[in-house]
Amino acid sequence: MNVVDLRSDTVTRPTPAMRGAMAEAEVGDDVFGDDPTVNALQERIAAMLGLESALFVPSGTQSNLLAIMSHCQRGDEYIVGQMAHTYRWEGGGAAVLGSVQPQPLAHQGDGTLALADIAAAIKPDDVHYARSRLLCLENTLGGRALPVAYMRDATALARERGLATHLDGARLFNAALALGVTAREIARHFDSVSVCFSKGLGAPVGSALCGSRDFIARAHRWRKMAGGGMRQAGILAAAALHALEHHVDRLAEDHANARRLAAGLAGLTDVTVEAPQTNIVFVDVVGERAAGLLDHLKARGVLATGLYRLRFVTHLDVDAEGIDRAVAAMREHLS
Ligand SMILES: Cc1ncc(COP(=O)(O)O)c(C=O)c1O
């Protein structure tokens, strides 16, 4: 039985065409700056986002860490959402490794941080306080796309108050698709942007941190220190280049499959389905109806995560038929 793995968009396997591109990649030692495929990827993603420069890194976590450490000094702070990956799911790396403290803020219902809350969190220049240096936003956040006007206003506020701005765009292309704009139109509001190739884009490894030439030079130094220098990394960069070429437009299929799943689950009692904006569907199941649900799904070859709030993520390796199997398995348990 084929497993329908909806736990995350990170579970994809490289397609045969992607593996072909990896096998044929020209490589060199990237720590010497010699890898032509890494260099091509860095130039490509920087140009796509309209930023000066880019750095290929092993993971989104390292990309965000390097961004915070390159914008901030020891004793600075970054303003960030309570549910943002850079704050909640990166092991406290900015504080532990960078001596940069987070200033987390509660999200509004739509995932944004209220401008008034951001303004109030920016500390005065006073020895009692850490120096507020950076605003970090995330798009998409929990599958929701923050509106372009919001990103414009939040980053304008940060800039007026002397803060730099970073976007965790692990799923930047999903956000762009949902908002009906180019990735560049989002990136232009930020000083730096991190993009993951290993999520919806379907590459096995890798992210890029993009920003000004000076900023990327600082990040490059931190990447070396963090042990992120990879040698013949062109094999991995080739997968990312292939993904940028072939897997961006098809994200529309993932969004359509997420809507198909949500529609299939509509009308079940004791179940609330959040209308998906991108490729992530949250399903709240009341009380004991949730008991045994994940095991029931697993026995039918459908994988998801959660407890009472289940999360289903669509991606390259799931098609409409797989979605229909997931819907049928859910209905069998909950009807
Ligand atoms: C929004 C977001 N940012 C950053 C990351 C970190 O990426 P990685 O797992 O490559 O470290 C993730 C991972 O799922 C993520 O969802």
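Select A54, which is found in strand β2; helices (H or I, at least four residues) and strands (E, at least two) are DSSP runs, numbered from the N terminus. This is a predicted model, in which local features need pLDDT of at least 70, side-chain atom pairs count only at pLDDT 80 or more, and totals for chains, interfaces and linings use all residues. Residues are numbered from 1 along each chain as its sequence is written, and side-chain values use heavy atoms, with hydrogens and water left out.

**A54 and its surroundings**

A54 counts as buried because its relative accessibility is 7%; buried means under 20% relative accessible area, exposed over 50%, and partly exposed in between (1.4 Å probe, protein chains only). Next, show the residues that A54 touches: Q42, I45, A46, L209, C210 and I216, leaving out residues up to four places away in sequence. Contact here means heavy atoms within 4.5 Å.

**The seven-stranded sheet**

Colour the strands in the order β2-β8-β7-β6-β5-β3-β4 to see an open sheet of seven strands with mixed pairing. Two strands pair if DSSP finds at least two bridges between them. At the edges are β2 (53-57) and β4 (101-105), each of which pairs on one side only. From one strand to the next the twist averages 20°. Axes are lines fitted to C-alpha atoms, for helices over the stretch in contact, and angles run from 0 to 180 degrees between N-to-C directions.

Now select helix α2 (residues 36-49), which packs on the sheet and touches β2, β7 (192-196) and β8 (207-211). The direction of α2 makes about 130° with that of β2. Helix α10 (residues 213-225) also packs on the sheet, touching β2, β7 and β8. For α10, the angle with the direction of β2 is about 20°.

Move to β5 (residues 131-138), which runs parallel to β3 (residues 76-81) and is joined to it by four bridges. Two pairs to display are E77 opposite S132 and D76 opposite R131. With strand β6 (residues 164-169), β5 pairs in the parallel sense over five bridges; here L137 stands opposite L167. Six of the eight residues of β5 are buried, so β5 is largely enclosed by the rest of the structure.

**The ligand**

Select the ligand and show what surrounds it: S59, G60, T61, N64, H85, E90, E138, D168, A170, R171 and K199. The cut-off for a residue being near a molecule or strand is one of its heavy atoms within 4 Å. Taken alone the ligand exposes 390 Å², and the protein buries 79% of that. Accessible areas come from the Shrake-Rupley method with a 1.4 Å probe; for residues, only the protein chains shown count as cover.

**The three-stranded sheet**

Finally, select β9, β10 and β12, an open antiparallel sheet with the order β9-β10-β12. Its edge strands are β9 (271-273) and β12 (309-313). Neighbouring strands of this sheet are turned by 20° against each other on average, direction ignored. Three bridges join β9 to β10 (residues 280-285) in the antiparallel sense, and T272 has D284 in β10 as its bridge partner. End on helix α12 (residues 251-265), which packs on this sheet and touches β9, β10 and β12, its direction making about 20° with that of β10.
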